[in-house]
Amino acid sequence: MTWTAPCQVCGKMLKEGVGLFCGNFLIQRERSTHPCLTAYCGGCYTTYPNDPFPIQDRLGDEDEEDEGFVTDEPTSTRFRRGRNGDHLMGVPFECDVCQFINVYGRAPNFNKREDRYALMVIRRVSLDVMWSRETSTVEGNLSRARLDYATTQSAFDFPKPVPVLGREKVSDTCGMQIAMQTIHVSLRRGKYAHHLQVETMRKTRTWVNNAYRAGEGAYNRGATLASNHRGVMYVTDGHVQTEWYHRFEEGYKRRMGITRKQNEALVVGQLLVVIEVAEEDYQKATSDGEKRVIVTLIAFVIIGFMISLRGEEVPLCLIEGMLDTWKEDFEYKTPHIMIALKGKFKREDTMRYHLVPVADSSKSKVPTRRWITRLLALRVRTDGKKKGWLFVN
């Protein structure tokens with residue numbers, strides 16, 4: 001709280017720790033000839049003018065946890081600048097040059113385009129980490145720290161009144177390199193936007209963590225702590241498991257927001273129209289190949305719709321399971337078709353048989369038996385199959 005330094009941007013003298021100080025302030029690090037003296041006014045630590053990384057234009061993130069969030073802070077400053085006290089928020093803050101040295105093991109060359117781009121990405125990552133916490137939280141933390149420091153200094157002569165920030169050792173212990181990779185690849189065009197979505201970005205963390213645990217991480221404190229089938233827990237020192245890295249993920253999620261493109265449900269009315277059109281095409285078809293395509297498609301849609309299967313589950317229908325009960329199902333007081341399935345369904349762990357009845361007729365008037373009978377006839381009579389999968393290429 002006694003740190004004093006001029007802002008690197010505007011030159012304003014920052015006093016009593018009010019500002020944004022590099023964690024290595026006044027520390028002479030390895031392979032350095034002088035201590036770091038970097039400090040900023042919170043509002044002067046901003047994104048680069050050519051920063052290409054997307055920022056959501058509104059506060060209403062579609063993710064449920066952000067619903068109802070209200071703030072008086074203008075959206076023009078959110079995610080674009082730091083705040084006084086961001087360096088005291090529970091995870092390390094190091095200036096762009098110190099972070100560059102952590103990752104590359106050398107000082108940046110400002111005449112080199114790649115180094116300038118790396119510094120811009122580091123700035124974006126650092127701001128994402130900061131914005132995992134709201135401004136009111138940061139301001140409250142700094143205010144309380146200053147008040148408590150002033151109060152206790154008059155009563156105690158502690159040799160270390162506040163925890164020591166920074167370190168002499170040069171290394172990337174937080175995961176800055178992986179964070180830089182993550183937001184750089186986010187600039188690739190996504191399916192629904194001009195950039196990748198948050199869930200797709202997290203796949204970078206997954207492969208890096210898998211590679212680390214398969215390599216050097218396998219030999220670093222890899223003892224099992226607890227086991228519960230799939231829920232096995234391990235001690236790991238992987239960078240993507242640090243609190244700093246999780247703050248980074250939370251920050252870029254808030255910055256980018258989430259764009260959801262949910263599949264629209266198929267309603268009965270739409271299904272009946274599709275079936276009606278398919279019936280006309282079936283009657284007009286002049287070749288067996290044409291008819292097979294139509295029958296296979298409509299039977300697939302009907303089975304998936306009637307018993308609420310996911311797309312990858314419908315092909316698990318078995319011919320022999322349906323033939324075994326075909327006659328008695330038809331003669332039952334409520335005629336129906338028994339759909340026989342074999343496989344793993346909805347988080348099951350082993351291969352199992354499932355028998356699901358589908359009524360011949362229902363209030364929806366979906367012609368279930370007509371289309372399933374046509375497909376079964378093709379597979380049994382034309383293809384000569386009495387066993388195996390109902391749906392084949």
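# Briefing: buried sites, cores and open spaces

Ser 132 counts as buried, with a relative accessibility of 1%; buried means under 20% relative accessible area, exposed over 50% and partly exposed in between, with a 1.4 Å probe and protein chains only. The model is predicted, and therefore local features need pLDDT of at least 70 and side-chain atom pairs count only at pLDDT 80 or more, while totals for chains, interfaces and linings use all residues. Residues are numbered from 1 along each chain as its sequence is written, and side-chain values use heavy atoms, leaving out hydrogens and water.

- Ser 132 belongs to the loop that runs between α2 and α3 (135-153); helices (H or I, at least four residues) and strands (E, at least two) are DSSP runs, numbered from the N terminus.
- Leaving aside residues up to four places away in sequence, Ser 132 touches Arg 247, Glu 250, Gly 251 and Arg 254 (contact means heavy atoms within 4.5 Å).
- Glu 313 is located in the loop between α8 and α9, and this residue is also buried, at 2% relative accessibility.
- Glu 313 and Leu 341 are 28 residues apart along the chain, and their C-alpha atoms are separated by 8.4 Å.

**Nonpolar cores**

- The largest nonpolar core contains 31 residues; such a core is a set of buried Ala, Val, Leu, Ile, Met, Phe, Trp, Tyr and Cys residues joined through side-chain atoms within 4.5 Å.
- Within this core, the residues with the most contacts are Ile 303, Ile 339, Trp 371, Leu 390 and Phe 391.
- Two or more residues of this core come from each of α7 (268-284), α8 (288-306), α9 (319-324), β7 (336-343) and α11 (368-382).
- Ile 339 touches Ile 303, Ile 307, Cys 317, Met 322, His 354, Leu 355, Val 356, Val 358 and Ile 372, again not counting residues up to four places away in sequence.
- Another core, of 26 residues, lies apart from the largest one and includes Phe 53, Ala 118, Leu 196 and Tyr 245.

- The buried residues of α1 are Asp 96, Cys 98, Gln 99, Phe 100, Asn 102 and Val 103.
- These buried residues are covered by elements including α2, α4 (176-185) and α6 (243-256).

**Cysteines**

- The structure holds zero disulfides, a disulfide being a pair of cysteine sulfur atoms within 2.5 Å.
- Cys 41 is buried, with a relative accessible area of 12%, and Cys 98 is buried, with a value of 5%.

**Pockets**

- The largest pocket holds about 710 Å³ of space; on a 1 Å grid over the protein atoms alone, a pocket is an open set of points with protein on both sides within 12 Å along at least five of seven lines, and lining residues have an atom within 4 Å of a point.
- A volume is the space filled by probe spheres set on the grid points, which are joined across faces, edges and corners.
- The lining of the largest pocket consists of 31 residues, and those nearest its centre are Leu 88, Val 162, Pro 163, Val 164 and Leu 165.
- The second largest pocket has a volume of about 500 Å³.
- Of the 26 residues that line the second largest pocket, His 34, Cys 36, Val 97, Cys 98 and Ile 101 lie nearest its centre.
- The elements that give two or more residues to this second lining are α1 (96-104) and α2 (113-130), and α1 supplies the largest share, four residues.

**An enclosed cavity**

- There is one cavity of 30 Å³ or more, a cavity being a set of grid points where a 1.4 Å probe fits but cannot get out.
- The largest cavity contains about 110 Å³ of space.
- Its lining has 13 residues, of which Val 91, Pro 92, Ser 126, Val 129 and Met 130 are the closest to its centre.
- The elements that give two or more residues to this lining are α2 and α6, and α2 gives the most, with three residues.
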